[in-house]
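Student: I have a model open and want to learn to read it. Where do we start?

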Amino acid sequence: PLNLAEAEFWGTSNEATIGFLRESEVKHGRVAMFAFVGYIVHANGITWPWPMTLSGEPFPQVSNAPEAWDAIPEAAKWQIMLFVGFLEAWRESQGTHYMKGGKIGYFPDFDAKYIPGGALNLYNPFPRKDIAVMSDEQKEKRLVAEINNGRLAMLGIFGFISEGATEGSVPALKGIISHYDGDVMAPFATSIFPSFPALN
């Protein structure tokens, strides 16, 4: 209904727009897969065995992932946001851009010239020969599987969040997902944006 297949965002070509949409779907799917697993981990009280902070503060014991996010220090939230921002900037700045014919879903290795310690391949971090020698057809098949898994994860994580915010909104999860009293759309306790007085 949105006719996105024929859209031309920001005055670019239709091919560039399709590249943007496909890359966005892959990125959002990857984040959703992490989020889905993370929600289950936090809901079951699973944490690392060491302290969360250098001062010795332990990881919070909570019943759902949004509560865990609320319980960590603001500095930790900024570390996470800045690290993700760095990954995004690295992806956008290296190689052929996905809106200009570059590979969809590709994340470039870290270059030793810029990143201390040398290259790290996020697709194959513990070099396995069977992955390194995969054909383009195999890689394309795995990308399709990843996209489908990402789509399912997006539905899954929103199901968790919806049931936590409004009990009974996802009947299959009723009584499984604990209620969350906070605001899932407010990631920081203090907004980074200035507040303005109400206009009368």
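Student: Among contacts between residues at least 6 apart in sequence, what share joins residues at least 24 apart?

Tutor: This is a predicted model, so keep that in mind throughout. The share is 44%.

Student: What elements make up the chain?

Tutor: Count helices and strands, then read their order. The chain has 5 helices and 0 strands. From the N terminus on, the order is α-α-α-α-α. Along the principal axes, the C-alpha atoms fill a box of roughly 45 × 45 × 40 Å.

Student: How much of the chain is buried?

Tutor: Buried means under 20% relative accessible area. Of the 200 residues, 25% count as buried. The chain exposes about 14,300 Å². Carbon and sulfur atoms supply 64% of that area.

Student: How do I check the span of helix α5?

Tutor: Compare an expected span with the distance between the end C-alpha atoms. Helix α5 covers residues 136-165, which is 30 residues. At 1.5 Å a residue, α5 should span 44 Å. The end C-alpha atoms of α5 are 43 Å apart, which agrees.

Student: Which residues of α5 are buried?

Tutor: Among them are L143, I147, A153, I157 and F160. Helix α1 is part of what covers the buried residues of α5.

Student: Which residue of α3 pairs with K27?

Tutor: That is E92; the side chains of K27 and E92 meet in a salt bridge of 3.1 Å, N to O. K27 is in α1 and E92 is in α3, 65 residues apart. K27 counts as buried because its relative accessibility is 18%. E92 is partly exposed at 29%. The pair also belongs to a network of salt bridges linking E23, K27, E88, R91 and E92.

Student: Is T17 buried or exposed?

Tutor: Buried, with a relative accessible area of 0%. T17 sits in helix α1, residues 14-43. Its side chain makes a polar contact of 3.4 Å with the side chain of T12. Leaving aside neighbours within four places in sequence, T17 is in contact with A7, E8, F9 and T12.

Student: Which residues form a nonpolar patch on the surface?

Tutor: I80, F83, V84 and F86 do, with about 360 Å² of accessible area together. V84 lies in helix α3, residues 74-93. V84 is partly exposed at 47%.

Student: Where does P49 lie?

Tutor: P49 is in the loop between α1 and α2. P49 is exposed, since its relative accessible area is 74%. P49 and R91 are 42 residues apart in sequence. In space, their C-alpha atoms are 32 Å apart.

Conventions:
Residues are numbered from 1 along each chain as its sequence is written. This is a predicted model: local features need pLDDT of at least 70, side-chain atom pairs count only at pLDDT 80 or more; totals for chains, interfaces and linings use all residues. Side-chain values use heavy atoms; hydrogens and water are left out. Helices (H or I, at least four residues) and strands (E, at least two) are DSSP runs, numbered from the N terminus. Buried means under 20% relative accessible area, exposed over 50%, partly exposed in between (1.4 Å probe, protein chains only). A polar contact is a pair of N or O atoms within 3.5 Å; within protein, one must be able to donate a hydrogen and the other to accept it, and residues adjacent in sequence count only if both atoms are side-chain atoms. Contact means heavy atoms within 4.5 Å. The expected span of a helix is 1.5 Å times one less than its number of residues. Patches are made of residues with over 30% relative accessible area and no salt bridge: like charges are joined within 9 Å, nonpolar side chains (Val, Leu, Ile, Met, Phe, Trp, Tyr) within 5 Å. Accessible areas come from the Shrake-Rupley method with a 1.4 Å probe; for residues, only the protein chains shown count as cover. A salt bridge is a side-chain nitrogen of Lys or Arg within 4 Å of a carboxyl oxygen of Asp or Glu.
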